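Notebook open, viewer running. I want to look up a few spots one by one and jot down what each shows.

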Amino acid sequence: MIATATDRTLPHLSPSIDGWPNICGWEADVQAIATQDRPVFLSKTNIKIEDIKAAFAIALHMHQPTIPAGQNGELISNLQYMFEHPGEGDNHNAGPFAYCYSRMGDFIPELVANGCNPRVMLDYSGNLLWAFQQMGREDILNNLKKITCNPEYQPYVEWLGTLWSHSVVPTTPIPDIKLHIQAWQHHFAAIFGWEALGRVKGFSPPEMHLPNHPDTLFEYIKALKECGYRWVMVQEHSVESLDGSYLREKYLPNRLVARNSHGETISITALIKTQGSDTKLVAQMQPYYEAKTRDRQKPGFLEKPGFSNNSIPALVTQIGDGENGGVMMNEFPDAFKQATYKIQAEGGVKAEVVALNGTEYLELIEAAGCHPEDYPPCQAIGQHLIWERVDLNHCTPEAVEKAIQDAKKEHHNFHVDGASWTNHISWVKGYENVLEPMNQLSAKFHQKFDPLLAENSAITRQADYREALLYNLLLQTSCFRYWGQGVWTDYAREIYRRGEALM
């Protein structure tokens with residue numbers, strides 16, 4: 001990483017403190033770096049927007065939960081548990097999983113050395129980054145640092161922020177949404193450096209989960225913007241047009257709009273992950289082949305005076321687990337390289353269809369004259385059923401709550417649990433034994449520390465705060481619900497017990 005004058009004035013952050021991940025303590029410095037509003041890729045990209053008709057962006061999502069399953073009940077990664085118990089279930093995949101977490105650090109340099117122009121976006125949970133530290137897997141971290149901190153590879157790789165402990169946003173206690181976002185930024189800066197954090201401008205929500213309760217969505221977008229994020233990836237079927245219809249422009253940026261129960265509005269740019277949740281879509285590079293069927297788009301927002309062109313390239317956006325399943329473990333490497341070499345053979349940077357990262361695409365079209373405020377608006381799925389029942393000029397919490405209850409009575413499928421990558425899994429129903437303790441621990445955390453923070457912001461550097469924050473965030477990990485009742489909900493109860501004892 002090239003040090004800048006700004007970097008030299010910032011403190012050195014250790015990736016771990018007293019055995020815990022460095023997730024808090026220097027919030028003001030993290031905020032200052034993360035909210036810098038300057039181009040990230042524009043001066044480095046070798047793509048000219050006028051040369052291409054379409055592009056595709058792929059993201060790899062990586063996660064392993066933290067569980068109280070060490071030899072003496074210590075907190076360890078599920079990845080470590082897999083290595084230590086190879087005979088259980090599919091734990092024999094621990095080695096291949098570990099390689100998947102590392103291998104982009106091999107693929108990108110190889111392709112660049114061969115004259116290619118690859119692109120990839122990376123989404124790693126805080127749990128997983130901590131796992132590499134706990135397990136002493138410096139080989140994985142060093143491979144990731146190579147493509148993150150070496151200027152030679154920065155044009156090709158984009159990191160996406162996420163919630164530190166892979167918590168699904170709709171059921172995350174509202175005061176903790178920003179804590180998760182900040183913890184990830186903090187931890188990422190401690191591992192990869194301040195300059196690398198300044199380049200993280202896109203956000204990947206765990207499970208592609210988007211809240212549709214007005215107040216939760218508003219606070220979510222507000223937290224993202226306060227933490228310096230410019231755009232968020234959303235699942236196609238988790239959003240709708242403002243009139244409740246399907247999106248008309250899913251291959252172009254949209255503007256995700258949120259209105260809370262007091263009538264306040266806020267918005268952020270959204271890139272649409274197209275329909276489908278199978279890792280095969282990324283493993284077999286379907287986004288590239290779909291992009292080859294797309295053409296330049298001529299949306300209405302380009303008709304404003306002063307825009308130099310009336311069309312921009314379509315963008316096909318997709319994300320998949322970076323390690324999970326045979327197709328990703330075995331087929332992705334060849335498919336990724338084959339697609340990259342095909343683009344090179346078809347003209348490289350002047351090919352009609354190229355790979356781009358999300359922030360790179362947005363910076364290119366905005367440099368050509370697009371304005372985020374002009375992107376077509378969308379909202380969380382089902383919100384039209386709320387807002388058609390509320391006088392928007394006199395919006396109150398009572399009116400919104402009544403509209404929600406009325407919508408539930410008239411439409412049996414309507415709910416405000418949010419929408420994720422799949423409609424067949426609920427993160428709420430049947431998990432009261434996890435959600436209730438989760439909310440209780442969050443409340444106890446804030447009851448204890450919020451008054452102290454109001455008096456002294458440096459409290460976040462104290463060991464008791466860091467450990468309590470860690471347990472609060474860990475309990476909200478989605479895996480304690482995704483895998484159903486049993487050992488995973490038992491893990492949740494044990495984390496709650498320890499967290500409560502700390503309070």
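**Entry 1: helix α13**

I started with the buried residues of α13, which are V327, M328, M329, F332, P333, A335, F336, K337, A339, T340 and I343. By buried I mean under 20% relative accessible area, with exposed over 50% and partly exposed in between (1.4 Å probe, protein chains only). Helices are DSSP runs of H or I with at least four residues, strands are runs of E with at least two, and both are numbered from the N terminus.

Housekeeping before I go on: this is a predicted model, so local features need pLDDT of at least 70 and side-chain atom pairs count only at pLDDT 80 or more, while totals for chains, interfaces and linings use all residues. Residues are numbered from 1 along each chain as its sequence is written, and side-chain values use heavy atoms, with hydrogens and water left out.

How far apart are the end C-alpha atoms of α13? I get 28 Å, which agrees with the 28 Å that the 20 residues of α13 (326-345) should span at 1.5 Å a residue. The expected span is 1.5 Å times one less than the number of residues.

There is a kink in α13 of about 50 degrees at F332, shortly before the proline P333. The bend at a residue is the angle between axes fitted to the seven residues ending there and the seven starting there. After α13 comes G347, whose phi is positive, near 130 degrees.

I also clicked on A335 in α13. A335 counts as buried because its relative accessibility is 12%. Leaving aside neighbours within four places in sequence, A335 is in contact with A283, Q284 and M285; contact here means heavy atoms within 4.5 Å. I checked A335 against T45 too: the two are 290 residues apart along the chain, and their C-alpha atoms are separated by 23 Å.

**Entry 2: the whole chain**

I zoomed out and counted 20 helices and 15 strands in the protein chain.

The C-alpha trace spans about 60 × 60 × 50 Å along its principal axes. Of the 503 residues, 60% are buried. Among contacts with a separation of 6 or more, 79% come from residues 24 or more positions apart.

The protein chain exposes about 19,400 Å², and carbon and sulfur atoms supply 49% of it. Accessible areas come from the Shrake-Rupley method with a 1.4 Å probe, and for residues only the protein chains shown count as cover.

H180 sits in helix α8 (residues 174-192). Is H180 buried or exposed? Its relative accessible area is 0%, so H180 is buried. The H180 side chain reaches the backbone nitrogen of S165 at 3.4 Å. Not counting residues up to four places away in sequence, H180 touches T162, L163, W164, S165, S167, T172, L473 and Q476.

S167 counts as buried because its relative accessibility is 0%. The side chains of S167 and T172 are joined by a polar contact of 2.4 Å. A polar contact is a pair of N or O atoms within 3.5 Å; within protein, one must be able to donate a hydrogen and the other to accept it, and residues adjacent in sequence count only if both atoms are side-chain atoms. Beyond its neighbours within four places in sequence, S167 is in contact with T172, H180, P206, Q476 and S478.

E207 has a positive phi of about 60 degrees although it is not a glycine. For M208, also not a glycine, the positive phi is about 50 degrees. E207 counts as buried at 15% relative accessibility, and M208 is buried at 4%.
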